Amino acid sequence: MLELGHSPYEIAEVEGVTPWSVYRWKKMYEDEGKDGLSSKPHPGPTTILPKERFPALADLLQQGPQAHGFKTDRWTLDRIRVVIDQEFGVSVSTA
């Protein structure tokens with residue numbers, strides 16, 4: 001679109017991004033060609049609870065949230081995440 005004469009602001013509006021992204025893409029293209037525009041995965045945390053620990057987690061969850069210091073007796077993903085972190089020392093995301 002830049003080669004066709006469209007401004008970064010026009011491209012940003014069409015693509016639903018900021019003009020800054022368009023300028024960044026332009027620079028990547030100028031520096032590396034089409035390869036510069038390829039998706040590059042950004043690895044996040046790889047820590048997961050080992051499957052061998054699932055039975056122990058199930059036992060903890062059966063005790064209910066209040067047994068783990070929560071005020072109400074309702075599990076949420078965030079509460080489960082907290083229990084996993086506290087009991088197993090493993091940091092997981094709610095995703």
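How far apart are the axes of α3 and α4, and at what angle do they cross? I looked this up first. The axes come within 11 Å and cross at roughly 120°. I took axes as lines fitted to C-alpha atoms, for helices over the stretch in contact, with angles from 0 to 180 degrees between N-to-C directions. That makes α3 oblique to α4, since I count under 35 degrees as roughly parallel, over 145 as roughly antiparallel, 65 to 115 as roughly perpendicular and the rest as oblique.

The model is predicted: local features need pLDDT of at least 70, side-chain atom pairs count only at pLDDT 80 or more, and totals for chains, interfaces and linings use all residues. Residues are numbered from 1 along each chain as its sequence is written, and side-chain values use heavy atoms, without hydrogens and water.

Next I listed the α3–α4 contact (heavy atoms within 4.5 Å). Ala56, Leu57, Leu60 and Leu61 in α3 meet Ile80, Val83, Ile84, Glu87 and Phe88 in α4.

I then checked α1 and α2. Helix α1 (residues 8-15) packs on helix α2 (residues 19-32) at about 110°, with axes 8 Å apart. That makes α1 roughly perpendicular to α2. In α1, Pro8, Tyr9, Ile11 and Ala12 meet Pro19, Val22 and Tyr23 of α2. Helices here are DSSP runs (H or I, at least four residues), numbered from the N terminus.

Last, I looked at Phe70. Leaving out residues up to four places away in sequence, Phe70 touches Pro65, Trp75, Arg79, Val82 and Val83.

Definitions and conventions
Helix = DSSP H or I, 4+ residues; strand = E, 2+ residues; numbered from the N terminus.
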